[in-house]
Amino acid sequence: LAVRQHDLDLCAESLERLLKFEFVAHEPQFIAAIAAVSETDAKLASRGLEAISSLDGTLTGEAFILYAQIALEHQNLVDRGIVRSLIHRCSVGTDVAYLAKLVLEYGGDEYAFLKKLKHQSIERFSQALVTLDSSGHRGIAIQTVSKLIEDGTPLNDVAAGMSPVLDLWEADLVDAPTGSSKIELARAIVKLDGRRKGALKYMRKARKEHAEGARRAYRAADADALRAAIKDASILLPKLDEVPYFLSRVLYAQEDYKGSASAAQMATDWAPDVLRNWTMMQRASYREVDVQAADHAAHRVLDLAGAADEKPRSEAELRISKLPSKALSAARRQEDPIQTIELLKIAARDPMYADEVNRRDERAKNVVVRELRMKEKESAEDTITYARRALPHIDERIVGLISAARSFSRARLYEEALPLWERVVAVEPEIGKWKKQLEQCRVKTGTSLAENESAPP
């Protein structure tokens with residue numbers, strides 16, 4: 001009656017009473033009364049809306065829009081915790097434009113919010129980016145797209161709903177200098193719509209300019225300039241691996257082998273099929289005495305080198321021939337028994353070191369088993385991490401297998417525990433408690449005994 005007569009005093013009085021009765025919270029009249037009261041008493045209206053949200057944790061439709069309006073206009077009247085909670089639990093029916101504005105005003109995690117929208121609905125995600133762009137927050141929209149790119153999230157399906165915004169973004173690239181923000185903008189456009197000729201042209205221009213700049217810095221042996229260029233090189237499409245490659249060469253010449261290896265590693269990550277990057281990686285790692293990295297890089301050089309690449313092939317073969325002695329020397333100094341075992345695998349290539357390698361390998365494996373047993377008393381996470389590292393190196397040492405199997409079972413990782421208990425039972429078939437553990441894992445994983453017995457060992 002109060003709503004129909006637009007009697008705001010009676011609305012307010014009714015609301016004060018109705019707030020005590022949760023069962024009326026979702027009645028249309030209740031929402032209408034709140035809407036009416038919001039014109040004169042926003043605080044009371046916000047209390048009514050918060051009462052609704054406390055029932056099922058969310059607001060949808062007219063109630064959400066009304067609460068968002070109050071929250072945006074009267075920030076001192078609403079509970080900030082409730083606003084953030086509503087953002088976190090946003091439902092499919094929630095108005096995206098208001099939701100995006102609430103995230104901005106109340107300091108929510110814009111990226112988490114937009115990523116959730118992406119999973120809920122392509123249309124809602126596109127609408128949120130449009131809202132951000134139109135409300136002066138283009139930077140947040142672009143940064144979100146960049147993070148989604150880095151996370152490997154596919155974005156081609158978003159372009160259809162963002163065509164007007166992409167037109168505006170692309171217009172900003174015309175005759176623009178190749179700075180970081182513009183490169184990031186071009187990357188976002190290309191990832192959203194790979195057919196955008198303006199963005200593709202800008203990206204080609206930026207790659208060419210940065211490649212020339214990297215060559216100039218390399219000729220000047222300017223490591224600082226190359227380090228400064230890394231950020232832009234990392235957001236170009238594809239990433240400009242010349243920058244970390246040239247940086248690696250400059251640092252190598254300056255005898256900073258650790259820095260050189262780190263830069264070469266970046267180059268191989270960015271362009272894993274480029275021979276020169278792996279050649280540089282093997283040189284720097286060899287000098288730094290990172291035997292395992294040098295060995296891996298040298299073998300990659302052999303994999304990638306063609307008939308015309310005689311020099312890098314010969315260099316790789318020479319380094320591989322020298323690595324056993326370096327590996328044994330490193331193993332003697334290594335304190336981590338698992339790393340020791342890995343180094344001894346390389347040292348074992350030279351039969352001359354066989355006796356010492358076998359002796360040290362046996363000792364290191366026994367240490368791994370002992371540490372595995374000791375770690376059973378520590379936190380489950382640390383135990384599982386160590387067990388996963390240790391398992392490839394303990395062969396059929398029964399004590400180590402039992403410790404690892406128990407750790408996985410305690411952590412309810414039955415899929416990982418099952419093959420270990422099978423190995424334990426194969427070694428000690430007469431012990432009933434091991435068979436019991438094995439059967440429990442089979443039950444938990446839904447694997448029948450018959451299936452396991454028929455499987456090849």
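This note describes a predicted model of one protein, point by point.

1. Basis of the note. Because the model is predicted, local features are reported only at pLDDT of at least 70 and side-chain atom pairs only at pLDDT 80 or more, whereas totals for chains, interfaces and linings use all residues. Residues are numbered from 1 along each chain as its sequence is written, and side-chain values use heavy atoms, with hydrogens and water left out.

2. Overall make-up. The protein contains 25 helices and 0 strands; these elements are DSSP runs numbered from the N terminus, with helices being H or I of at least four residues and strands E of at least two. Of its 457 residues, 46% count as buried. Here buried means under 20% relative accessible area, exposed means over 50%, and partly exposed lies in between (1.4 Å probe, protein chains only).

3. Surface and contacts. Among contacts between residues at least 6 apart in sequence, 59% join residues at least 24 apart; a contact means heavy atoms within 4.5 Å.

4. Helices 9 and 11. The axes of helix 9 (residues 138-150) and helix 11 (residues 180-192) come within 9 Å and cross at roughly 60°. Axes are lines fitted to C-alpha atoms, for helices over the stretch in contact, and angles run from 0 to 180 degrees between N-to-C directions. This crossing is left-handed, a term used if the near helix is turned anticlockwise from the far one by less than a right angle (right-handed if clockwise). Ile-142, Gln-143, Val-145, Ser-146, Ile-149 and Glu-150 of helix 9 meet residues of helix 11 that include Glu-184, Leu-185, Arg-187 and Ala-188. By class, the contact has 6 nonpolar, 2 polar and 4 charged residues. In this scheme Ala, Val, Leu, Ile, Met, Phe, Trp, Tyr, Cys and Pro count as nonpolar, Asp, Glu, Lys and Arg as charged, and the others, Gly among them, as polar.

5. Helices 14 and 16. Helix 14 (residues 242-253) packs against helix 16 (residues 275-288) at an angle of about 30°, with the axes 10 Å apart, and this crossing is also described as left-handed. Helix 14 contributes Glu-242, Tyr-245, Ser-248, Arg-249 and Tyr-252, while helix 16 contributes Arg-276, Asn-277, Met-280, Arg-283, Ala-284 and Arg-287. The residues of this contact comprise 4 nonpolar, 2 polar and 5 charged.

6. Asn-277. This residue of helix 16 is buried, with a relative accessible area of 0%. A polar atom of the Asn-277 side chain lies 3.3 Å from the backbone oxygen of Ala-267. Leaving aside neighbours within four places in sequence, Asn-277 is in contact with Asp-241, Tyr-245, Ala-264, Ala-267, Thr-268 and Ala-271.

7. Helix 19. Helix 19 (residues 337-347) is largely enclosed by the rest of the structure, because 8 of its 11 residues are buried. The buried residues are Pro-337, Ile-338, Thr-340, Ile-341, Leu-343, Leu-344, Ile-346 and Ala-347. Their cover includes helix 17 (291-304), helix 18 (310-333), helix 20 (354-375) and helix 21 (380-390). At the start of helix 19, a side-chain oxygen of Asp-336 reaches to within 2.9 Å of the backbone nitrogen of Ile-338.

8. Val-37. Located in helix 2 (residues 28-37), Val-37 counts as buried at 1% relative accessibility. Val-37 and Asp-7 are 30 residues apart in sequence, and their C-alpha atoms are 9.2 Å apart in space. Not counting residues up to four places away in sequence, Val-37 touches Leu-8, Cys-11, Ala-12, Leu-15, Ala-42, Leu-44 and Ala-45.

9. Backbone features in loops. The peptide bond from Leu-237 to Pro-238 is cis, with omega near -10°, and Pro-238 lies in the loop between helix 13 (223-235) and helix 14. Glu-255, although not a glycine, has a positive phi of about 65°; Glu-255 is in the loop between helix 14 and helix 15 (257-270) and counts as exposed at 59% relative accessibility. Val-289, likewise not a glycine, has a positive phi of about 65°. Val-289 is found in the loop between helix 16 and helix 17 and is partly exposed, with a relative accessible area of 35%.

Definitions and conventions:
A polar contact is a pair of N or O atoms within 3.5 Å; within protein, one must be able to donate a hydrogen and the other to accept it, and residues adjacent in sequence count only if both atoms are side-chain atoms.
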